[in-house]
Amino acid sequence: MPRVSAGLLMFRSRADTLEVLLVHPGGPYWMKKDLGAWTIPKGELAEGEDELATARREFEEETGLRPEGTLHPLGSVKQKGGKVVHGWAFEGDCDPATLRSNTYRVQWPPGSGEWRTYPEVDRAEWFTLEEARRRINPAQAAFLDALERLERG
């Protein structure tokens, strides 16, 4: 059974240019990774939780913002590691510098017996679709394509 996640892609229009909010995973593994490392705010489904409820919860946990407005389905993608991610888009705006993420604990360095706490998301940024395609996890680029189709009508 593949792992399943769900998330939300916030978008806005600036000077007739569509922009999307992507987040960068926190922690030592992701520290020096950039291109292909960014993602929509997302997370794994809790026992008995549906995809849309998970997407809303994870967005709020990883950004500190409560998603408002109409949610547009973007479909599902399968990432390289086999995880299936369900996505929705909604229009919104925020200052990425004010976003606050939840944290997680990990043994670091591995096998050291030392436990450290890291933010699940260490930063967020607005990107044009062109730049977002360079930054986002390659499988999730399909969400950008779906958003672009949705916006064109």
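**View 1. Phe59 and Phe90, a buried aromatic pair.** Phe59 and Phe90 are both buried in this predicted model. Their rings pair edge-to-face, with 5.2 Å from centre to centre and 80° between the planes. Phe59 belongs to helix α1 (residues 51–63) and Phe90 to strand β5, so the pair ties together parts 31 residues apart in sequence.

**View 2. Tyr29 and Trp30, an edge-to-face pair.** The model holds 4 aromatic pairs. In one of them, Tyr29 and Trp30, the ring centres lie 4.9 Å apart and the planes meet at 90°. An angle over 60 degrees counts as edge-to-face, so this pair is edge-to-face. Tyr29 is exposed, at 53% relative accessible area. Trp30 is partly exposed, at 28% relative accessibility.

**View 3. Lys33 over the ring of Tyr29.** The charged end of Lys33 sits over the Tyr29 ring. The distance to the ring centre is 4.5 Å. This is the Tyr29 that also pairs with Trp30.

**View 4. Helix α3, residues 141–152.** Helix α3 has 12 residues. At 1.5 Å a residue it should span 16 Å. The end C-alpha atoms are 17 Å apart, which agrees. Just after the helix, Gly153 takes a positive phi of about 85°.

**View 5. The buried residues of α3.** Ala141, Phe143, Leu144, Ala146 and Leu147 of α3 are buried. The buried residues of this helix pack against four strands, β1 (4–14), β2 (17–25), β4 (72–78) and β5 (84–91). They also pack against helix α2 (129–135). Strand β5 also carries Phe90 of View 1.

Methods. Residues numbered from 1 in each chain as written. Predicted model: local features only at pLDDT ≥ 70, side-chain atom pairs only at ≥ 80, totals over all residues. Heavy atoms only, no water. Helix = DSSP H or I, 4+ residues; strand = E, 2+ residues; numbered from the N terminus. Expected span 1.5 Å × (residues − 1). Buried < 20%, exposed > 50% of the residue type's maximum accessible area, 1.4 Å probe, protein only. Contact = heavy atoms within 4.5 Å. Phe/Tyr/Trp six-rings, centres within 6.5 Å; stacked < 30°, edge-to-face > 60°. Lys NZ or Arg CZ within 6 Å of the ring centre and 35° of its normal.
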